[in-house]
Amino acid sequence: MRDISGERVEQAVESCAALLRTVADRDWTAARAGRLDWNCRDTAHHVADDLAAYAGNLAGRAREKYVPFEIALQDGVDNADLIHIIETTGAILTATIRTTPPEVRAFHPYPFRSANREGFAAMGVAEVILHTHDIAEGLGVAYEPPAALPEFVLTRIFPDVQPGPDHWRTLLWATGRGDLPGREPVTEWRWHNNLVLSTERLTLQGVTPASAADLSVGGDGGFAWVVGGPYAGTREAAGMVLKAREAGVHRPEFGLFVLVRKEDGLAVGGMGFHGAPDEEGRAEVGYDLVEGARGRGYASEALTALSEWALARDDVHALRATVEAANLPSQAVATRAGYARAPQEEPEEPDLEEQDTDGTLQLYIRQ
């Protein structure tokens with residue numbers, strides 16, 4: 001899966017500049033930008049400011065807060081100048097994305113306090129095309145970006161949004177800018193960068209819908225894999241992510257994670273949940289490793305971290321792993337991570353007392 005993040009930022013800025021040039025002779029201060037409280041000039045300034053901020057955070061490897069700077073316009077800056085500023089800050093973000101290694105993450109507050117280069121690209125594209133739409137609406141002209149741009153945004157930072165009739169209308173609806181038949185209007189929204197968990201030797205990197213789609217059809221999902229990867233279970237889990245998203249029930253933090261080795265940046269396996277927790281706070285986990293990476297404790301290390309993260313939440317009370325009875329190494333992985341057979345003397349949880357069937361064992365860990 002080739003990284004197209006830089007290309008998409010370029011396309012978004014080109015699309016924005018092309019639209020703004022058609023209305024550069026208008027008074028942008030006299031028109032409110034769509035449903036925003038800003039006028040069109042302030043909104044264009046905001047676009048440039050965001051592009052610069054994203055580039056600064058990523059280049060500066062911000063950790064705990066935004067890099068504290070913003071763009072101040074000089075006296076006499078007209079609309080044509082402002083368009084040029086957007087193009088310039090867009091070029092800076094594009095260059096930063098293209099020169100930043102894929103494993104680098106930098107600060108962004110929502111929802112897990114960091115994003116990688118693909119996340120910053122998607123946020124930049126979202127700011128550009130959505131605020132170009134706002135400006136166009138305020139000035140009474142039509143605007144629609146190339147279809148690849150809203151698709152890029154939705155499949156990177158809106159993983160919980162169920163696909164709609166087309167990408168652009170779905171993105172407008174998801175950000176409170178339009179309606180979709182059969183769906184309630186959106187009044188509050190946030191985009192959703194992927195979750196990454198760290199262990200001593202690994203990072204567990206949450207898989208986006210774009211990555212899942214590539215994995216499910218035989219691609220690498222944007223990861224560099226050790227020889228033999230990814231394994232079949234990871235591809236099947238990627239398909240589960242897509243089905244959940246199509247059904248509108250995907251919660252990305254309870255999806256698929258790829259296990260990436262810190263020492264060389266190579267992916268060694270997949271791990272994750274079979275879905276969100278049920279009403280009783282129970283969820284099922286699954287995992288696999290590329291054959292050449294087995295026997296080194298990676299799976300137990302990752303499962304321990306993932307289980308601790310999940311059980312620290314208020315909405316998770318128990319996790320289950322279904323393991324083939326004949327697969328002793330897989331049983332050992334779960335056991336080392338704290339999983340065990342359910343005690344038979346727990347009548348208040350009868351589902352945990354079910355006899356193992358089909359040659360499998362049910363192992364559990366609780367808060």
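## The largest nonpolar core

Which residues touch the most other members of the largest nonpolar core? In this predicted model, they are Trp28, Ile86 and Phe158, and the core has 59 residues in total. Six helices each supply at least two residues of this core: H1 (5-21), H2 (40-59), H3 (79-99), H4 (117-139), H5 (148-157) and H6 (167-174). Among these contributors, H4 gives the most, with 12 residues.

Leaving aside neighbours within four places in sequence, Ile86 is in contact with Val13, Cys16, Leu20, Ala44, Val47, Ala48 and Leu51. Apart from this core lies another one, of 45 residues, with Leu259, Met271, Ala310 and Val333 among them. As a general point, nonpolar side chains in soluble globular proteins tend to be buried together.

Cys16, one of the contacts of Ile86, brings us to the cysteines. How many disulfides does the model contain? The count comes to 0. Cys16 is in no disulfide, and its nearest cysteine sulfur, in Cys40, is 12 Å away.

## Helix H10 and its two faces

Let's now turn to helix H10, which spans residues 328-336. Its buried residues are Ser330, Gln331, Val333 and Ala334. These four cover an arc of only 155° around the axis, so they lie on the same side of H10. The background is simple: an α-helix has 3.6 residues a turn, so residues three or four places apart point the same way.

The face of H10 turned away from the buried side carries Leu328, Pro329 and Arg336, which are exposed. What covers the buried residues of H10? The cover includes strand E5 (282-289), helix H9 (298-311), strand E6 (318-324) and strand E8 (360-366).

## The ends of H10

Both ends of this helix are worth a look. At the start of H10, a side-chain oxygen of Asn327 comes within 3.1 Å of the backbone nitrogen of Ser330. Just after H10, Gly338 adopts a positive phi of about 100°.

Definitions and conventions: Residues numbered from 1 in each chain as written. Predicted model: local features only at pLDDT ≥ 70, side-chain atom pairs only at ≥ 80, totals over all residues. Heavy atoms only, no water. Disulfide = S-S within 2.5 Å. Buried < 20%, exposed > 50% of the residue type's maximum accessible area, 1.4 Å probe, protein only. Arc of directions from axis to C-beta. Contact = heavy atoms within 4.5 Å. Polar contact = N/O pair within 3.5 Å; in protein donor to acceptor, adjacent residues only side chain to side chain. Core = buried A, V, L, I, M, F, W, Y, C linked by side-chain atoms within 4.5 Å.
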